[in-house]
Amino acid sequence: QVQLVESGGGWVQAGGSLRLSCAASGRTFSSFVMGWFRQAPGKDREFVAAINWTGSRTYYADSVKGRFTCSRDNAKNTVYLQMNSLTPEDTAVYYCAAGLSITTRNRDYNYWGQGTQVTVSS
């Protein structure tokens, strides 16, 4: 089992940057693939990024490639999402998730954080 808590969300003007953090509890953090998802008002939750347990491989949605970077520090039980060149289309609640294998599908992740709001103004 693992518990996840996101932080780092907030308000930013278009073109700005934010770094989200996801702190995990427990002693099994390094065993999990970590994913980032987001959900905008009136829309389904969508995949943003994922990272394998060693941090050697990352995966990104086409909409964020070249702008977002996912990383992890297993010693600190923390995964990060660096978001650059933000646009209003990035406005959403961002969630981190943990699973046993890397995937872009919501249902395949076993554990979820409560989310952190990101608002990008034009």
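Colleague: Which backbone oxygen does the side chain of R72 reach at 2.8 Å?
Modeller: This is a predicted model. In it, R72 lies in strand β7. At 2.8 Å, its side chain reaches the backbone oxygen of F32.

Colleague: And which backbone oxygen does the side chain of R72 reach at 2.9 Å?
Modeller: R72 touches I51, N52 and W53, among others. At 2.9 Å, the R72 side chain reaches a backbone oxygen belonging to N52.

Colleague: How far from R72 is the nearest side chain of opposite charge?
Modeller: R72 is buried, yet has no salt bridge. A salt bridge needs a nitrogen-to-oxygen distance within 4 Å.

Colleague: Why does G55 count as partly exposed?
Modeller: G55 is one of the residues R72 touches. It lies in the loop between β5 and β6. Partly exposed runs between the buried limit of 20% and the exposed limit of 50%. G55 falls in that class because its relative accessibility is 32%.

Colleague: How far apart in space are G55 and N74, C-alpha to C-alpha?
Modeller: In sequence, G55 and N74 are 19 residues apart. In space, their C-alpha atoms are separated by 8.8 Å.

Colleague: Which residues touch the most other members of the largest nonpolar core?
Modeller: That core has 36 residues. Strands supplying at least two each include β4, β8 and β9. Y94 touches L20, F37, V48, L81 and M83, among others. The residues touching the most other members are M34, W36, L81, M83 and Y94.

Technical notes. Residues are numbered from 1 along each chain as its sequence is written. This is a predicted model: local features need pLDDT of at least 70, side-chain atom pairs count only at pLDDT 80 or more; totals for chains, interfaces and linings use all residues. Side-chain values use heavy atoms; hydrogens and water are left out. A nonpolar core is a set of buried Ala, Val, Leu, Ile, Met, Phe, Trp, Tyr and Cys residues joined through side-chain atoms within 4.5 Å. Buried means under 20% relative accessible area, exposed over 50%, partly exposed in between (1.4 Å probe, protein chains only). Helices (H or I, at least four residues) and strands (E, at least two) are DSSP runs, numbered from the N terminus. Contact means heavy atoms within 4.5 Å. Lys and Arg count as positive and Asp and Glu as negative; His and the chain ends are not counted. A polar contact is a pair of N or O atoms within 3.5 Å; within protein, one must be able to donate a hydrogen and the other to accept it, and residues adjacent in sequence count only if both atoms are side-chain atoms. Lists of a residue's contacts leave out its neighbours within four places in sequence.
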